[in-house]
Amino acid sequence: MTVACDRINTVLTCNSLDLFTYGYLTWEWQSGLRGFAYPLLFASIYKTLHFISWDSVTVLIWLPRVMQALLASAADVKMYFFTRSMENPDVAKWTYFCQLCSWFTWYCCTRTMSNTMETTLTTLALTYYPLPGSKTHHSKKYLTLVAMAIVIRPTALIVWLPLLAFHFFGEDGKLRLLTHRCLPIGALTLVSSTLIDCLFYGKWTLVQYNFLQFNVLHGMADFYGSHPWHWYLTQGFAAVTGPHLPFFVHGCTLASKRYRILLVTLVWTVTVYSFLSHKEFRFIYPVLPFCMIFCGKFPRVIVSSCLCSWHQNTPINEVCFNWLEGLSLAHLKSWRRAAAGGLLVANLLPALYTGLVHQRGTLDVMSHLQELCEVPSNASSTNPEVLFLMPCHSTPFYSHVHCPLRMRFLECPPDLGEPGYSEEAKEFYDDPLHWLSGAFPDESSLPTHLVLFDVLEKDISEFLERNEFTRSAEMFHSHFPEGRVGGNIFVYQRHHHIPGPSITLPDI
């Protein structure tokens, strides 16, 4: 399970650049593919904390996570009351329990990815959606939330297209729905987000069009990897639902017709994403709450249907009858408690491992480097400079340092047709020693610190020894090293250095 650090922290790093005059904008921001509406939420908080002098590193790192978790929690609670209005309290509790113990929800809900906010807004919108039998439907509210989700991540339209079509064709006043609801809300949301983007980009920019053009029309997303068409069916969906998968599958066979549109939406979303070459687990995260609705119906429906048939003396499945005949209600509750305990434990283990252990090194190393911000500068020493010799965007960068520490990493933007294009990361890994020799021809241009995965150490050991770099720190990263990503992260420091200018890497 890998979620790129730039996807989690690019929002926060962007805020650092806007508010604190240091930071870094990835190529997506420079090309107008990312909107500022979502980062503005955290930027306003950062600015407030800066104004009242509460902008400590710890607060700036943890507050966005806490905020994102609170928003996700509010959506979960709202989903519980929505399910309770549609079903009996027992089904609502089971649905809520399934949502709360989902390992993938634990893994994603605190991360400041656009997919996380998309999922939160989708969950909230679903609670106001005019599902048959819903007592909480409100067209204006759900359409506003859908519009916000699409602004933050345009791919949210994939999830909502069948739901919007179902609402439209089932509505008696179709013209009124378009003219009084859809068009005004959509236009107002699009204009507002465009004005925000134009303000921060300093020019007229339509992010949603740029996003569509890059990912769909030009198919440039393949640059970051591709998977076979069946990946979501054979791996992705099963991994995201995890231990809930059997409950979901059986819940689909028991659910009433009112939920059929949710199942259609889920199948539609997975199918559409299957046609896109670049696939990630997080892309189908927004449909996970839909799955929980079906998971929540599994235990209750089995017990209720069997008990009802038993007490009415109607013909039922013989196995079910024999099973129920010798059991009391207390025994049934005991079985459900055991099932709940097993489901919780089965989710708890991957949630704790992926959230606290797996690939944690890139966060720990930033805490170590943050100590360089406290090193006093004087005439006899050079200001610290850090170079990350790692796959691009491996670390959260300035979002976890929050000081004007000089840092850079190996760039890896896709080829956008610009003259003189080169992928710095690829050139480095093709021949690390040659790249380093060309980038740092003399001692005065060397950085003071190098950060690298352990698998790279032997390839550049000659360079490290020649320039008197010594290992100063080591952090665990993963039990499952793969390719250029190792199991540990090393920090090398050069103690004997000559004062020189900032890192400037010439073209090689």
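Contact here means heavy atoms within 4.5 Å. By that criterion, residues 24 or more positions apart account for 73% of the contacts in the protein with a separation of 6 or more. This is a predicted model, in which local features need pLDDT of at least 70, side-chain atom pairs count only at pLDDT 80 or more, and totals for chains, interfaces and linings use all residues. Residues are numbered from 1 along each chain as its sequence is written, and side-chain values use heavy atoms, with hydrogens and water left out.

The protein has 22 helices and five strands. Helices (H or I, at least four residues) and strands (E, at least two) are DSSP runs, numbered from the N terminus. Of the 508 residues, 48% are buried. Buried means under 20% relative accessible area, exposed means over 50%, and partly exposed lies in between (1.4 Å probe, protein chains only).

Start with the helices. Helix H3 (residues 37-51) packs on helix H4 (residues 57-86) at an angle of about 130°, and their axes are 11 Å apart. Axes are lines fitted to C-alpha atoms, for helices over the stretch in contact, and angles run from 0 to 180 degrees between N-to-C directions. H3 and H4 are therefore oblique to each other. Angles under 35 degrees count as roughly parallel, over 145 as roughly antiparallel, 65 to 115 as roughly perpendicular and the rest as oblique. H3 passes H4 in a right-handed crossing. A crossing is right-handed if the near helix is turned clockwise from the far one by less than a right angle, and left-handed if anticlockwise.

Which residues of H3 and H4 meet? H3 brings Tyr38, Leu41, Phe42, Ile45, Tyr46 and Leu49. H4 answers with Val59, Leu60, Leu63, Pro64, Met67, Gln68 and Leu71. This contact of H3 with H4 has 12 nonpolar residues, one polar and no charged. Ala, Val, Leu, Ile, Met, Phe, Trp, Tyr, Cys and Pro count as nonpolar, Asp, Glu, Lys and Arg as charged, and the others, Gly among them, as polar.

Two residues of that H4 list, Gln68 and Leu71, are also touched by Thr120, along with Ala72 and Ala75, not counting residues up to four places away in sequence. Thr120 sits in helix H7 (residues 114-128). Thr120 is buried, with a relative accessible area of 6%.

Now follow H4 to helix H5 (residues 89-100). The axes of H4 and H5 come within 8 Å and cross at roughly 155°. H4 and H5 are therefore roughly antiparallel to each other. Their crossing is right-handed. H4 contributes Asp76, Val77, Tyr80, Thr83 and Arg84. H5 contributes Pro89, Val91, Ala92, Lys93, Thr95, Tyr96, Gln99 and Leu100. By class, the contact of H4 with H5 has seven nonpolar, three polar and three charged residues.

Ser277 lies in the loop between helix H14 (260-274) and helix H15 (288-311). Ser277 is partly exposed, at 30% relative accessible area. Leaving aside residues up to four places away in sequence, Ser277 touches Asp222, Gly225, Ser226 and His227. The C-alpha atoms of Ser277 and Gly225 are separated by 7.8 Å, although the two residues are 52 apart along the chain.

Next comes the sheet. Five strands form an open sheet in the order E2-E1-E3-E5-E4, with mixed pairing. Two strands pair if DSSP finds at least two bridges between them. Strand E2 (406-409) and strand E4 (469-476) stand at the edges, each with a single partner strand, so one side of each has no neighbour in the sheet. Neighbouring strands are turned by 20° against each other on average, direction ignored.

Take the pairs in turn. Strand E1 (residues 385-389) and E2 run parallel, joined by four bridges. Here Phe388 has Phe409 of E2 as its bridge partner. E3 and E5 run antiparallel, joined by five bridges. Val451 stands opposite Val491 in E5. E4 and E5 pair in the antiparallel sense over seven bridges, and Arg471 has Tyr492 of E5 as a bridge partner. How many residues of E5 are buried? Five of its seven are, and E5 is mostly covered.

Helix H18 (residues 361-370) lies across E1, E2, strand E3 (449-453), E4 and strand E5 (488-494), running at about 130° to E4. Gln359 is in the loop between helix H17 (329-357) and H18. Its phi is near 55°, a positive value in a residue other than glycine. Phe397, in the loop between E1 and E2, also is not a glycine and has a positive phi of about 55°. Phe397 is buried, with a relative accessible area of 5%.
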